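Subject: The structure, and some notes on it

Hi,

Here is the structure I promised to pass along.

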Amino acid sequence: MAAKYVYFFGGEKTEGNAGLRNLLGEKGANLAEMVNLGIQVPSGFTISTEACDFYQKNKGKFPTKLWDEILINLKNLEEITGKKFGDKENPLLISVRSGSRSYIPIAESTVLNLGLNDEISKQLSNASNESFSLDCYSRLISMFGYSVLNVERKVFESLIEKKKKKVGKASTQNFSPDNYQVLIDRFKVAIKKNSEREFPQDPLKQLKMAIEAVFNSWDSESSKNYRHIKGIPDEWGIAVNVQAMVFGNLGENSGRGFAFSRNPESGEKKICGEFWSNCQTASLATDIPNSVAVSSLKETLPDIYLAITEVCQKLERRYQDVASIEFMVEENQLYTLQTEAAQRTPVSAIKIAFDMVQEGLVGKQNALMRIPTDQLDTVFHPMVDLKSKPTVLAKGLGASPGAASGKVVFCPQKAQELAEKKEKAILVRTETSPEDIRGMEFAQGILTMRGGKTSHSTVFAKAMGKPCVSSCSSLKIDEKKKQCHIGGVRIKELEEITLDGSSGNIFKGTIKTVQPKLSAAFTYIMKWADELRELKVRANVDTPHDALVARDFGAQGIGLCRTERMFFQANRILYVRAMILASDQKVREEALKNLLPIQRSDFTQIFRAMDGLPVNIRLLDLPLHEFLPTKPLAIKNLSKELNIPLKTLQSKIDSLKEANPMLGHRGCRLGITYPEIYQMQARAIFEAACKLVKKGGKVFPEIMIPLVGHVNEFRIARELLDQVAEEVIQKNGVKLKYKVGAMIELPRAALTADEISRDADFLSFGTNDLTQTLYGLCRDDAWSFMAEYLKKGIFLADPFSTMDRKGLGALIEIAVQKGKSSNQNIQLGACGEHSGDPDSIDFFCQLGLDYVSCSPFQVPASRLAAAQAAIGDIPSSIGISN
């Protein structure tokens, strides 16, 4: 049987349904489903993702007979509409839209009014409203120009802006036929100049080229970047949706809009959205008319508002999720153009999931699967502290909540450059486009002159959990001079500003922020997650304050306390340097005596904060030279402070330098060559623990030996620790249970985990260094080529962020199996960056790890990810964002 590539939707001929999402894309499957539900949808057909896959694999060739299938379905569409494609008297006009199986807006390629040409447009002008006909034609030419012929949008935007200024109109809605004709002529010239091609007059050629453009969009750089960010396979492909046109530009009783069954920002159960009267599309930044809230239609178009409400409610019941629709009103008749994933903020996702459980619409498991774990920590991000009374530069539309400060940049590349230097950026644009996605990912926030609550910048900012202020009329950008004016104040590139994405306020400089309070819905969501998950979640904590924060976020202990980070405070770094630079062991031990009470105090406070929960403390890991100054003036000052001759000090510093310190004299190698260091740390740990036990505290210390590569290293270090423990515990006359384990950061340690596990109480996979040593990559340097590797598909994801299951994952699996083979009671955990990654957490759950340990603010997301891993895959609906 010959392959089928085209599926019709409309009336009794509808062939698809919501279950064919992978084949028809999200839009195509949902269009067919809406027809099945009795919702009024313009008829059309969907070209499947399989056709795109064939096209990509065969160097831009259509599958055999695909065009024949298209013509057959076009004939069906003509029969249903009573119009004919390419006819002069009664022309069928169509739209072409892309539609992937999940939310990939940057891959979208849309062309409206296909089928018009010079002759048909002229005939249509004579038969109906001339301005309407020419408006449609001008939009076709511009959309075809940038979506199909790859002419930059700004070429058309500039022509529109110039014409508006010349005729004194705020929008093309008020253009005369002559004005439109001038635009049409100039658009054609611009296309010829910038693409060296003519706008095609043959409607069938227009259609074929538009379909090819959709297929090609899947392979565009912006599409690839987005897929790599979201971990979407290249093989998925994209579908093409061809629909009969309906028109929102036929007068005051017509228009276009977007609506949501619940507020995507707050989660409130209330129809909301935007509506543009007498408007067909707002595809160009310079031609976006003013919008009104959908709720205003209660007064102006009450029947339409009622119909929108009914559609949203019907879709919400069908998909058991928030409905998001794009609609068109043609002379008091509502048409639903598409429904797809209702993008929402993490805060609203939590409320919506909770409310739907209370309403009996979904169960707890389904609700938990709807919350995006990769964005959950944004609910804890700071807000502008209004008590500081900051001065407002200007006010725009608060498009995506949250607050962010950073240096002003005017292009996405600059945002990425700053991010690679560990600097924060605010991306400032007239309006964002699909090509800006990479820069938006690296920026802390986005500020735009144009746009609304459903504009590109807003949708992406919400999806990324980033603050966004749009539609700021007082923002004037001069990219050539690398400056802008906000509220009349000049801001140069790299000057700092602060955005408040909730209020829309913009401030000069960096403004103090405060942390938001968690809602009751969040508490319930976390409770449900905890009831379902088996994997425990600990936190990486280095200070008593962080321990309290972690516990508040539901951490079940500390999985990594990096003791070296305690040494960099000003009141203790001098003692550390004195210890490192000691001329002999006696002097070194004297310096360590000064550090002992400091370490003991730190551990006492951390144990107290985590009372009743395990605390895993990693002994000193950093190479010693990391604690010493490198600049001449700092070295000179240290020479005076420690009373060491400058020449002697410089010689000592030089002797500690290493060619490759990551693999040098660090970790357990330090504890073996300088046992007094680990002895001091062990004494501080056990003395702090015994002190609290005497007072009735519940203390569960776990001591982790870093960078173990050979079981003999572990045995030597463990023996040293056990000796100190026995002495301190006996001296204090208490009972104290403790564990000693190894941090698995080297491939050899993973491959010999069975030997280490015989003597260890636990193994903790330090996935950061284990990735470095397995790949031969330095995490601090890999950024220089990582983007190119992701772009070329060498890596599907950054291996430092998401588990490479075939490489790192396979190695950890070997270690888990070997570790359990020699010690069935071995405790297994992970404490690298992967412990906050949902996909990696799913893998850890499959391996049967006991816990993961992540940063305090990631704890809730990891708890949720662990629950989702336990639940498994629930069939997705239109409202689950990807």
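A word on the ground rules. This is a predicted model, in which local features need pLDDT of at least 70 and side-chain atom pairs count only at pLDDT 80 or more, while totals for chains, interfaces and linings use all residues. Residues are numbered from 1 along each chain as its sequence is written, and side-chain values use heavy atoms, with hydrogens and water left out. Helices (H or I, at least four residues) and strands (E, at least two) are DSSP runs, numbered from the N terminus.

Let me start with H5, which covers residues 130-147. The expected span of a helix is 1.5 Å times one less than its number of residues. For the 18 residues of H5 that gives 26 Å, and the end C-alpha atoms are 26 Å apart, so the two agree. Of those 18 residues, 17 are buried (buried means under 20% relative accessible area, exposed over 50%, and partly exposed in between, with a 1.4 Å probe and protein chains only). The N-terminal end of H5 is capped by Asn129, which has a side-chain oxygen 2.9 Å from the backbone nitrogen of Ser131.

Buried residues in H8 include Pro203, Leu207, Met209, Ile211, Val214 and Phe215. At the start of H8, Asp202 has a side-chain oxygen within 3.1 Å of the backbone nitrogen of Leu204.

**Where H18 meets H20**

Helix H18 (residues 544-552) packs with helix H20 (residues 585-609) at an angle of about 10°, and their axes are 8 Å apart. Axes here are lines fitted to C-alpha atoms, for helices over the stretch in contact, and angles run from 0 to 180 degrees between N-to-C directions. H18 and H20 are therefore roughly parallel to each other (under 35 degrees counts as roughly parallel, over 145 as roughly antiparallel, 65 to 115 as roughly perpendicular and the rest as oblique). From H18, Pro544, Ala547, Leu548 and Arg551 meet Asp602, Gln605, Ile606 and Ala609 of H20. These residues divide into 5 nonpolar, 1 polar and 2 charged (Ala, Val, Leu, Ile, Met, Phe, Trp, Tyr, Cys and Pro count as nonpolar, Asp, Glu, Lys and Arg as charged, and the others, Gly among them, as polar).

**Arg262**

Is Arg262 buried or exposed? Arg262 is buried, with a relative accessible area of 0%. Arg262 is found in the loop between strand E6 (255-260) and strand E7 (272-277). Its side chain makes a polar contact with the side chain of Glu359, at 2.6 Å. A polar contact is a pair of N or O atoms within 3.5 Å; within protein, one must be able to donate a hydrogen and the other to accept it, and residues adjacent in sequence count only if both atoms are side-chain atoms. Not counting residues up to four places away in sequence, Arg262 touches residues including Lys269, Glu316, Asp355 and Glu359 (contact means heavy atoms within 4.5 Å).

**Two positive phi values**

Asn332 has a phi near 70°, a positive value in a residue other than glycine. Asn332 sits in the loop between strand E9 (324-329) and strand E10 (334-340), and at 43% relative accessibility it counts as partly exposed. For Leu494, phi is near 80°, again positive in a residue other than glycine. Leu494 lies in the loop between strand E20 (489-492) and strand E21 (496-500) and is partly exposed at 38% relative accessibility.

**Two residues within helices**

Asn194 is in helix H7 (residues 177-195) and is partly exposed, with a relative accessible area of 43%. A polar atom of its side chain lies 2.7 Å from the backbone oxygen of Ala190. Not counting residues up to four places away in sequence, Asn194 touches Val151 and Val155.

Ser822 belongs to helix H30 (residues 805-822) and counts as partly exposed at 26% relative accessibility. Ser822 and Arg758 are 64 residues apart in sequence, yet 5.9 Å apart in space, C-alpha to C-alpha.

Best wishes
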